[in-house]
Amino acid sequence: MSKFRVIVVDAGTGGEGQYEFEGSGLLISASPMRVIRAFFESETAQKRILPHFPDWEIYTAFRHEDRWVVTVTGSLIDKDGGKTAFMAMVSLVDDDG
């Protein structure tokens, strides 16, 4: 398993969070949507983001292949349906695979 780092910035508070999750080393070469979906399905997101924002929408997702970084923009959706804009960058930190 490889380790990935995700930096999330939300427009509602201007807050920034840094998270890590594990996945296949091949994940970073998958579609950008698959990469961000893997993060939101990870135990880290389940414990630290989804209790506050149980749903999310992605508006753009692309990969910077020269750096192997996936960048996404979208909305985090709270329990009342309120949307908070966010941006996230996912990068491969440790490739064991």
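**View 1. Strands β3 and β4 pair in the antiparallel sense.** In this predicted model, nine bridges join the two strands. E57 stands opposite S75 of β4. Four residues separate β3 and β4 in their hairpin. W68 sits in that turn and has a positive phi of about 55°.

**View 2. Strand β4 also pairs with β5.** Strand β5 covers residues 83–94. The pairing is antiparallel and runs over nine bridges. T73 stands opposite M87 in β5. The hairpin of β4 and β5 has five residues between the strands. There, G81 takes a positive phi near 90°. Strand β4 spans residues 69–77, and eight of its nine residues are buried, so the strand is largely enclosed by the rest of the structure.

**View 3. F4 and F21 form a stacked aromatic pair.** A search of the whole structure finds six aromatic pairs. In the pair of F4 and F21, the centres are 5.2 Å apart, with 20° between the planes. F4 belongs to strand β1 (residues 2–10) and F21 to strand β2 (residues 16–23), so the pair ties together parts 17 residues apart in sequence. Both F4 and F21 are buried.

**View 4. F40 and W56 stack as well.** Their rings lie 4.3 Å centre to centre, with 15° between the planes. F40 lies in helix α1 (residues 32–41) and W56 in strand β3 (residues 55–64), so this pair links parts 16 residues apart in sequence. F40 is buried, with a relative accessible area of 3%. W56 counts as partly exposed, at 21% relative accessibility.

**View 5. Ring pairs build a cluster.** The linked residues are F4, Y19, F21, F39, F40, W56 and F86.

Definitions and conventions
Residues numbered from 1 in each chain as written. Predicted model: local features only at pLDDT ≥ 70, side-chain atom pairs only at ≥ 80, totals over all residues. Heavy atoms only, no water. Phe/Tyr/Trp six-rings, centres within 6.5 Å; stacked < 30°, edge-to-face > 60°. Buried < 20%, exposed > 50% of the residue type's maximum accessible area, 1.4 Å probe, protein only. Pairing = 2+ DSSP bridges.
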